[in-house]
Amino acid sequence: MVPTLCALCNNSRALIIRPKNRQKLCKPCFIFLFETEIHNTITTNSIFRPGERIAIGASGGKDSTVLASVLRTLNERHNYGLHLLLLSIDEGIKGYRDDSLETVKRNAIQYDMPLSIVGYDELYGWTMDQVVSQIGKKGNCTYCGVFRRQALDRGAARLGIKHVVTGHNADDVAETVMMNLLRGDLPRLSRATSIVTASTASDIKRSKPLKYAYEKEIVLYAHHKGLDYFSTECIYSPEAFRGSARTLIKNLERVRPSAILDVVKSGEDMARLVPPEVSGSGTCTADAKDVAVALDGDAEGEGGCGSSNGRASGGEMAVMEQKLRDEATSDGKQTQNDDHEIDFTLQGQRHDRHKPTPAANTLSKAKRLQKQQLQRCGRCGYLSSQSVCKACMLLEGLNKNRPKTQISVSVEEEDNSPTLTRRMEGMTSISHETNVT
């Protein structure tokens, strides 16, 4: 059988089928095309300025590792003039984050980038392990998302950096669009679809250079470039609402590979319908008094278990990574891909669209969203649309339930069991007298 030639160079044998459009490419052409598309995204949206200092949100996962590698390559190839460094957040998850941080430390050496690590225990007095032991696995991603978003801003502020880039890819954005649609949260939908979020109300600008890159293509790029990354999923993320949205997006992709970008584009179109003063999507010319910027954290949105923040997808992505490793050791493969997908064109029926009743129009006009006022949190000084930011509100609930008295036993007391027994009996009698009175 005659080998299939690369669709770009028409010279080398095609080894890769792009999940995005089913294009068959050789390895060098795929790598160059992937990097060129990221470069076009950067230049089209004017993400960077020459001489700018950029903090890359690094978790050790595939997305942030690919982002660091691509930015380093493009910075040298196209002379961006950027000063790049890595900024990592230690949530305090044993068996997960401690291992991934070792990968980040190796990346810092490999890419010759300075590394700064900020921990939850340092900023908030809590680790995520402690938070989960207090509240359980339901809703823990809300805490982590709010805390991480603040931690990234504070870490960047410490370094004197005003621009943070994250590794959110097209799959992440599509999941966020779907989540906000299911929640009916159009203001947050508008913020999540923006490739650059900034305003005069915040010193820290955020951007997503990988916004239009498929997660599967990021895995392919990391594999063929031989990048060193951490691929274990967060031990607390399976309970997250994002997992349900992810499953839905993956099912759509199997039927229609372009579904991911279609959802992203639809989210962008819907975001334009949201008034700027309500969405707080944040352009640099917006008035701080009239904009409600997403500074309090996005629960399971951008600040949640996003790929740049340590969520390395399990399940399908893990199977794909293993398949790539297996195929790398075998010969005679004409093409390699994550799975064999068929692009069905679904023929649906046209549904009747009912015009809204006058009563519905009256209700719509009567319901007005009020503009929010930005201010400093009265406790930590972080910018918030409320007098107390979400992080401080969450911490208040955690600290109220934290035991205020701890019983410590010295070595001498531990060896002298009768003394320890009398001390405990004394505490029991005091407690009993208090209850009686």
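**Strand β3.** I checked burial for strand β3 (residues 53–57): 4 of its 5 residues are buried, so the strand is largely enclosed by the rest of the structure. Buried means under 20% relative accessible area with a 1.4 Å probe, protein chains only. Strands here are DSSP E runs of at least two residues, and helices are H or I runs of at least four, numbered from the N terminus.

This is a predicted model: local features need pLDDT of at least 70, side-chain atom pairs count only at pLDDT 80 or more, and totals for chains, interfaces and linings use all residues. Residues are numbered from 1 along each chain as its sequence is written, and side-chain values use heavy atoms, with hydrogens and water left out.

**Partners of β3.** I looked up the pairing next (at least two DSSP bridges between two strands). β3 pairs with strand β4 (residues 83–90) in the parallel sense over 5 bridges. G57 has L87 in β4 as its bridge partner. β3 also pairs with strand β6 (residues 163–165), again parallel, over 2 bridges. There, A55 is bridged to V164.

**Helices α6 and α15.** Which angle do the axes of α6 and α15 make where they cross? I read roughly 130° for helix α6 (residues 140–158) and helix α15 (residues 390–401), with the axes coming within 9 Å. Axes are lines fitted to C-alpha atoms over the stretch in contact, and angles run from 0 to 180 degrees between N-to-C directions.

I listed the contacts (heavy atoms within 4.5 Å). T142, Y143, V146, F147 and Q150 in α6 meet K390, A391, L394, L395 and L398 in α15.

Terms used: Buried < 20%, exposed > 50% of the residue type's maximum accessible area, 1.4 Å probe, protein only.
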